[in-house]
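Hello,

Here is the structure I said I would pass on. My notes follow it.

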Amino acid sequence: MDAFEVLYQKYKQDVYHYLLYLCKNPSLAEDLMSETFLKAYVSLHQLKKDEQVKTWLLTIARNQFLSDCRKKKITVSYEDYMDSFVKEPIPYDISIIKELIKQKDERSQRLFQMRLDGYSYAEIASALHISENSCRVIDFRLKRWLKEELKKEDAL
């Protein structure tokens, strides 16, 4: 058994379950899983020594899912965006989220909307003329800020 087959056997269930969570369609999850491992095989040389293999594979899987959504003109909902980082359910109203986002600077608003539209960090970074790492940091901080603001709204 070669190294890639070992990698496939070890992580195929994790990748499948993650994709099933994202798309809620077993058949599509299997297709996306196949595409994920194909892309991983082709780009295996890009895997950095210190990078976690599972994280790398799940990132590829997520990008495959978002790419599929873009091809089909499916947009990611506010609920899905929020669910991607909120561990415990927080009751929220989409209109509240939209109003909260309006409080942020234009760059953050554009980043938020582009993430909802399924753009990758690299694509957003290019459009906003910032580094990919800066894009990730801004997105993380925006999610954390939204979570805190939603908790405040809930407390009122």
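At roughly what angle do the axes of H1 and helix H3 cross? The model is a predicted one, in which local features need pLDDT of at least 70, side-chain atom pairs count only at pLDDT 80 or more, and totals for chains, interfaces and linings use all residues. Residues are numbered from 1 along each chain as its sequence is written, and side-chain values use heavy atoms, without hydrogens and water.

The axes of H1 and H3 (residues 53-71) cross at roughly 40 degrees and come within 10 Å. Axes are lines fitted to C-alpha atoms, for helices over the stretch in contact, with angles from 0 to 180 degrees between N-to-C directions. Helices are DSSP runs (H or I, at least four residues), numbered from the N terminus. H1 is therefore oblique to H3; angles under 35 degrees count as roughly parallel, over 145 as roughly antiparallel, 65 to 115 as roughly perpendicular and the rest as oblique.

On the H3 side, the contact (heavy atoms within 4.5 Å) is made by Val53, Lys54, Leu57, Leu58, Ala61, Arg62 and Phe65.

H1 (residues 3-23) also meets H2 (residues 26-42): their axes come within 9 Å and cross at roughly 140 degrees. This pair is therefore oblique. Phe4, Leu7 and Tyr8 of H1 are among the residues in that contact, as are Pro26 and Leu28 of H2.

On confidence, the protein has a mean pLDDT (the predictor's confidence in each residue, from 0 to 100) of 79. H2 has the highest mean, 89, and helix H4 (residues 78-83) the lowest, 57. Where pLDDT is low, the predicted coordinates should not be read in detail.

Regards

Note on methods
Helix = DSSP H or I, 4+ residues; strand = E, 2+ residues; numbered from the N terminus.
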